[in-house]
Amino acid sequence: MTGFPILSLMLAVPAIAAVACLFLSASTARWLALAATLVDLALGVLLWANYDIGGAQWQFVEYAPLFGRFGWALGIDGFALMLIMLSVFLMPICIGASWQAIEKRVPEYMSAFLLTEVLMIGTFAAQDLFLFYIFFEAGLIPMYLIIGIWGGANRIYASYKFFLYTLLGSVLMFIAMLYMAIDAGTTSIPALMAHDFPAHVQTWLWLAFFASFAVKMPMWPVHTWLPDAHVQAPTAGSVILAGVLLKLGGYGFLRFSLPMFPEASAQLTWLVFLLSAIAVVYTSLVALVQSDMKKLIAYSSVAHMAIVTIGLFAFNAQGIEGAMMVMLGHGLVSGALFLCVGVIYDRLHTREIARYGGLANNMPRYAVLFLLFTMASVGLPGTSNFVGELLSLMGTYQVSTTITLVCTTGIILGAAYMLYLYRRVVFGEIRSDEVRAMPDLSSRELWLLAPIAAVVLWMGVYPESFLAPMRKDTQTLLARIERARPAGDSRPTEGKGLVAAAHADVSRGGAH
């Protein structure tokens, strides 16, 4: 496929369909959106099939100069490939989930979702600094509209909070990008990943990027926009928000913070570990007392994404590969859980846990699939999340037994709130005639959940399919980090790498 612009085509298909939807009827717009997302899924499968595992770091590279240093530069590595596949896999499911639930302004809704797909793929494929920024920030707009127009009763508050939180941190990132382009004389992301910024500047650049990525993840304590956004968003909005948009922060750490600012990353590992450890325990405890199903799953997302950050900053292969697997697994499982909530919300029009109970009696197929995704969220062996959490904790254990112990406690709490949720919703006696009258999964709903269930089991049983494309990129990233020297250290790097320095700092409790 050398020379074939498959990445540009993956951007063009949903972009053209998004514009066309605005001029079509509701029914036609639905079918066009579904067709466009299925075409992109097929192109994604083609992309994965032709990806050369162990080959060049950057593949499917496209470049066209636009003006000055800015150009249309696209390309992917193993990390970007997996996240693009996650995006194109979930998008047709989101369209299917909106088929009957969205009845007003359907063409505009489908257009907003297609635009979201364009911007997500563009973010993961961009190889120019400012092209990345455009895709990264523009992704706010369609999700802001999806929450603000098609959301719940408090949708305006939630959409403004979502927009302001995520935009504020990105202003600092843009200023840092301007400095980087001037200092390095290029806006090429691959070139910047190999550029050595002055040690005293790295800390400020790292903090500027951290302000944006921490909100996107979201990390504690800047996570408060997420529960509100999830509760007010329509079901498909919650699926894509939890499934892909939260991963932009983790991708940013992988693409920018670790390779471009390795010294600052090592010096500030203690900060990431501290915030992540607090998040795992605190948000798990908060999830235990939630009465709204969406809020419970939203808080669980914060805890799971904290496992991602500790894995990334463990500076070892197990940690980084585990973090990526957690991102992929969480994207699938959280999306499926929000779909499960949407299924019963469409029937009873409430997310209050206390209103349900005994669904295993009249919705057995639903109960089985809900159980699978609940077990996957808990990290049951044989499911997607187990592999990622195990690798992340193995990587973290090499750095700090204390942090590993705290995060393991959070996983135990995760089992508590997810199993408690499942018991209250599915088991027990049916307490109302409304619940007794709820029908089991329709064919459409079964077709939405079954593919996710299959991939969740695939990841759990044979994770090598997903780890293999990322393995060489993980080693390249670790080699880049090891080559950097601690600030002010002029001695040979053997035995003095940043990994060793970061580990020593964490073991001392992060004191500097």
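These exercises work through the pockets, cavities and salt bridges of a predicted model.

Residue numbers start from 1 along each chain as its sequence is written. In this predicted model, local features need pLDDT of at least 70, side-chain atom pairs count only at pLDDT 80 or more, and totals for chains, interfaces and linings use all residues, while side-chain values use heavy atoms, with hydrogens and water left out.

**Exercise 1. The largest pocket**

Task: State the volume of the largest pocket, then describe its lining by residue, element and class.

Solution. 

Step 1. On a 1 Å grid over the protein atoms alone, a pocket is an open set of points with protein on both sides within 12 Å along at least five of seven lines; a cavity is a set where a 1.4 Å probe fits but cannot get out; lining residues have an atom within 4 Å of a point. Points are joined across faces, edges and corners, and the volume is the space filled by probe spheres set on them.

Step 2. Read the volume. The largest pocket holds about 610 Å³.

Step 3. Find the centre. There are 32 lining residues, and A101, P234, T235, Y345 and D346 lie nearest the centre.

Step 4. Assign elements. Helices are DSSP runs (H or I, at least four residues), as strands are (E, at least two), numbered from the N terminus. At least two lining residues come from each of α10 (225–232), α11 (235–245), α16 (317–348) and α22 (443–461). The top contributor is α16, with six residues.

Step 5. Sort by class. Ala, Val, Leu, Ile, Met, Phe, Trp, Tyr, Cys and Pro count as nonpolar, Asp, Glu, Lys and Arg as charged, and the others, Gly among them, as polar. The lining has 16 nonpolar, nine polar and seven charged residues.

**Exercise 2. The second largest pocket**

Task: Which residues lie nearest the centre of the second largest pocket, and how does its lining divide by class?

Solution. 

Step 1. The volume is about 250 Å³.

Step 2. Of 13 lining residues, L34, P92, I93, W447 and L448 lie nearest the centre.

Step 3. α2 (26–49), α3 (78–97) and α22 each give at least two residues to this lining. Helix α22 also supplies at least two residues to the lining of the largest pocket.

**Exercise 3. Salt bridges across the sequence**

Task: Count the salt bridges, then show which parts three of them tie together.

Solution. 

Step 1. Apply the rule. A salt bridge is a side-chain nitrogen of Lys or Arg within 4 Å of a carboxyl oxygen of Asp or Glu. The count is ten.

Step 2. Take R347 and E445. Their closest N and O atoms are 2.8 Å apart. R347 sits in helix α16 and E445 in helix α22, so the bridge ties together parts 98 residues apart in sequence. E445 is buried (under 20% relative accessible area; exposed is over 50%, partly exposed in between; 1.4 Å probe, protein chains only). Its relative accessibility is 7%.

Step 3. Take R355 and E434. Here the closest N and O atoms are 3.1 Å apart. R355 is in the loop between α16 and α17 (359–362) and E434 in helix α21 (residues 433–436), so parts 79 residues apart in sequence are tied together. R355 is partly exposed at 39%. E434 is partly exposed at 48%.

Step 4. Take R365 and D440. The closest N and O atoms are 3.6 Å apart. R365 lies in helix α18 (residues 364–378) and D440 in the loop between α21 and α22, so the pair ties together parts 75 residues apart in sequence. R365 is partly exposed at 41%, whereas D440 is buried at 17%.

Step 5. Look for networks. Salt bridges link E321, E464 and R471 in one.

**Exercise 4. Cavities**

Solution. 

Step 1. There are four.

Step 2. The largest cavity has a volume of about 100 Å³. Its lining numbers 13 residues, with H304, E389, G410, I411 and Y417 nearest the centre. Two or more residues come from each of α14 (269–288), α15 (293–312), α18 and α20 (401–426). Helix α20 gives the most, with five. Seven lining residues are nonpolar, five polar and one charged.

Step 3. The second largest cavity holds about 70 Å³. Its lining includes F162, K216, W225 and L241. α7 (155–184) and α11 each supply at least two lining residues. The classes are seven nonpolar, two polar and one charged.
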